[in-house]
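Keep the viewer open as you read.

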Amino acid sequence: MCGIVAYLGSKDAYPILINGLYKLEYRGYDSAGVAILDKELSVYKTKGKVSKLDQFVEDKNTGGSIGIAHTRWATHGEPNTENAHPHYSMNKKIAIIHNGIIENYATLKEELKGRGYTFNSETDTEVLANLIEDVMHNESCSLQEAVLIALNQVVGAYALVVISEGEPDSLIAARKGSPMVIGIGGDDDFFIASDATPIIEYTKNVVYMNDEEIAILKKGEPLKIKTIANKDKTPYVQELEFNLNALEKGGFEHFMLKEIYEQPTSIRDSLRGRLRAKEGVVSLGGIVDYEQKIVHANKIIMIACGTSWHACLVGEYLFEDLARIPVEVEYASEFRYRNPIITENDVVIAVSQSGETADTLAAIELAKEKGATVLGVCNVVGSSISRATHAGSYTHAGPEIGVASTKAFTAQVTVLTMMALRMAQLKGTIPTSRFMQLLHEMEAIPDKVEAVLNDDGVAKQIAEKYQQATNFLYLGRGYNFPVALEGALKLKEISYIHAEGYPAAEMKHGPIALIDKDMPVVFIATNNVIYEKVVSNIQEVKARNGNVIAIVTQGDKVVRGLADYVIEIPATEDMFVPLLASIPLQKLAYYIAVMRGCNVDQPRNLAKSVTVE
Ligand code: F6R
């Protein structure tokens with residue numbers, strides 16, 4: 001993963017770089033570093049978070065108007081200062097930051113050692129720094145040429161920026177498989193970053209780099225882009241759509257809480273212009289040309305990871321229920337290494353918040369090779385997945401900064417719901433009156449989400465009571481099963497409490513053995529055709545002295561009589577319950593994590609976008 005930032009222009013580089021790193025810290029926070037060129041090339045780096053780096057450089061010379069910076073999520077080598085980026089080359093005249101993995105680094109390292117190069121770190125990135133120095137030395141060439149030659153010897157993924165003392169007016173950047181965006185400001189200012197968040201306060205004009213492209217940034221000259229096959233390309237400048245407010249906490253203590261509370265807006269934004277209940281219209285512009293392909297698909301395969309995979313499970317139920325199209329849901333990481341049966345008549349839907357998840361990208365490539373039509377549901381505009389797919393629909397959740405995904409999940413479910421409704425309409429699999437009823441109910445969902453958010457008391461009480469628990473079980477059936485999985489994931493990733501999600505009826509096949517007086521069991525027990533069965537499961541837990549926390553439909557009496565705590569949500573169609581029921585579970589996880597003193601926005605060992613395998 002890792003976050004990279006670079007600046008070249010007329011301003012002081014350090015404040016731009018350090019602020020950029022703070023914004024990218026969600027991508028990794030094992031170590032941080034900066035290299036600034038001011039006559040000499042100085043590299044400063046520390047283990048730990050960006051704030052540590054900021055303190056460390058207080059008494060150092062950070063003057064200069066060109067520099068590169070990095071926040072790391074460790075892959076090769078433990079998270080210590082030596083392995084932190086930037087990495088100097090051996091003569092300390094070149095420094096590099098890198099997000100990605102150089103797969104053939106061991107071979108290259110041996111070759112370089114044979115030519116007398118020494119190494120200070122265990123990283124693959126330092127190998128690249130020395131390789132560039134070696135090429136410059138052997139070929140007597142410019143930095144740009146050396147980077148190009150070196151990258152042609154490299155196997156792997158990278159978003160990298162190189163700076164050289166010998167060429168104090170330039171930066172060379174390159175991308176393959178890891179994200180990179182270049183901002184073009186006034187006054188010949190250039191900004192480079194892993195995503196647009198560090199750039200937006202300076203300029204809205206950006207160029208998203210494509211794979212196997214090299215950017216040459218020189219003071220006083222326009223941006224130049226080449227391919228690594230040395231072909232010139234014309235930079236495609238786009239205007240960013242989001243604004244700075246979207247990136248700030250807006251009075252909330254954490255980004256995660258802010259994002260939980262943004263869900264009425266993010267769902268409304270995802271519906272806007274696409275669902276018009278009165279007119280009986282649901283239409284996703286991005287996939288209009290592929291609608292017939294989906295309608296006639298042999299099957300749909302949904303691929304994703306983590307929370308996005310949970311959204312796909314909801315999608316599976318929706319597509320099968322409404323449009324009667326068979327759906328398989330696959331973990332991208334498994335799919336890419338199987339020999340899946342895919343034909344030209346299959347449609348793959350890849351779902352990803354970041355649009356950069358390496359496993360999902362690889363699964364997309366595999367599906368394309370096998371001839372399938374591949375559609376994307378992404379949140380980040382211009383991301384790698386949105387560009388790798390044949391077409392797709394954005395989720396319009398806005399930037400999600402908290403590492404634990406919240407508003408992106410409900411936005412993904414919203415978009416998948418609209419797709420399923422549209423397919424049902426085209427296939428005629430549900431009567432028009434039912435279709436109209438569902439559109440009206442869907443339109444009411446943002447208001448119902450708002451009502452769920454306004455009712456805060458119980459989640460806090462439950463968090464207080466169970467904050468010291470060591471295990472949690474989350475149970476649900478039908479549409480509520482993915483909600484149980486997602487609830488458990490939220491809790492474990494931010495509070496470090498072990499939690500498992502299970503189909504409620506599967507409890508008796510194993511997990512029931514875990515139940516005792518210390519075990520909180522969260523049931524999603526809303527009114528539906530299997531409500532009575534779930535009530536029986538609740539009784540089974542109570543009979544074994546378990547503690548029951550239940551998400552129920554407003555007005556519920558039966559479960560209220562059995563459970564230790566209930567959280568009510570407004571009544572809605574069964575298929576829309578995930579959009580409401582997931583919200584108290586997000587809040588429960590949030591409050592427990594805060595009470596346990598955990599870093600909610602940056603949980604240990606995690607990163608927001610997983611651009612490595
Ligand atoms: C959990 C979470 C992760 C992501 C997963 C996929 O809260 O955020 O499980 O859902 O890493 O990421 P995207 O959706 O960016 O492909």
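Does Met 442 count as buried or exposed? Met 442 counts as buried, because its relative accessibility is 0% and the cut-off for buried is under 20%. You'll find Met 442 in helix α14, which runs over residues 432-454.

**The whole chain**

Bear in mind that this is a predicted model. The protein chain has 19 helices and 27 strands. Its radius of gyration is 25 Å, close to the 25 Å from the globule rule for 613 residues, so the chain is as compact as a globular protein of that length. Along the principal axes, the C-alpha atoms fill a box of roughly 80 × 50 × 45 Å. As for burial, 61% of the 613 residues count as buried.

**Around the ligand**

Now for the ligand. It is surrounded by 15 residues, and the closest are Ser 308, Ser 352, Ser 354, Thr 357 and Glu 493. Sorted by class, the shell has five nonpolar, eight polar and two charged residues.

| Residue | Protein atom | Distance to a ligand oxygen |
|---|---|---|
| Val 403 | backbone N or O | 3.4 Å |
| Lys 490 | side-chain N or O | 3.0 Å |
| Glu 493 | side-chain N or O | 2.5 Å |

How much of the ligand's accessible area does the protein cover? On its own the ligand has 400 Å² of accessible area, and the protein covers 90% of that. The elements that give two or more residues to the shell are α9 (306-323) and α16 (480-495). Zoom out to the domains, and you'll see that domain 2 (248-453) and domain 3 (455-599) each supply at least three residues to the shell.

**Loops worth a look**

The peptide bond from His 85 to Pro 86 is cis, with omega near 0°. Pro 86 belongs to the loop between β4 (66-72) and β5 (87-88).

Then there's Arg 324, which isn't a glycine but has a positive phi of about 55°. Arg 324 lies in the loop between α9 and β19 (327-331). Why is Arg 324 classed as exposed? Its relative accessibility is 56%, and exposed means over 50%.

His 396 also has a positive phi, near 55°, without being a glycine. The loop that holds His 396 runs between β22 (391-394) and α13 (407-427). With a relative accessible area of 34%, His 396 is partly exposed.

Ser 405 is in the loop between β22 and α13 too. Ser 405 is buried, because its relative accessible area is 10% and buried means under 20%. What joins the side chains of Ser 405 and Glu 400? They're joined by a polar contact of 3.0 Å.

Key
Residues numbered from 1 in each chain as written. Predicted model: local features only at pLDDT ≥ 70, side-chain atom pairs only at ≥ 80, totals over all residues. Heavy atoms only, no water. Near = heavy atom within 4 Å. Polar contact = N/O pair within 3.5 Å; in protein donor to acceptor, adjacent residues only side chain to side chain. Areas by Shrake-Rupley, 256 points an atom, 1.4 Å probe, with all protein chains shown as cover. Helix = DSSP H or I, 4+ residues; strand = E, 2+ residues; numbered from the N terminus. Nonpolar A, V, L, I, M, F, W, Y, C, P; charged D, E, K, R; others polar. Domains from an automatic or database assignment. Rg over C-alpha atoms; globule rule 2.2 N^0.38 Å. Buried < 20%, exposed > 50% of the residue type's maximum accessible area, 1.4 Å probe, protein only.
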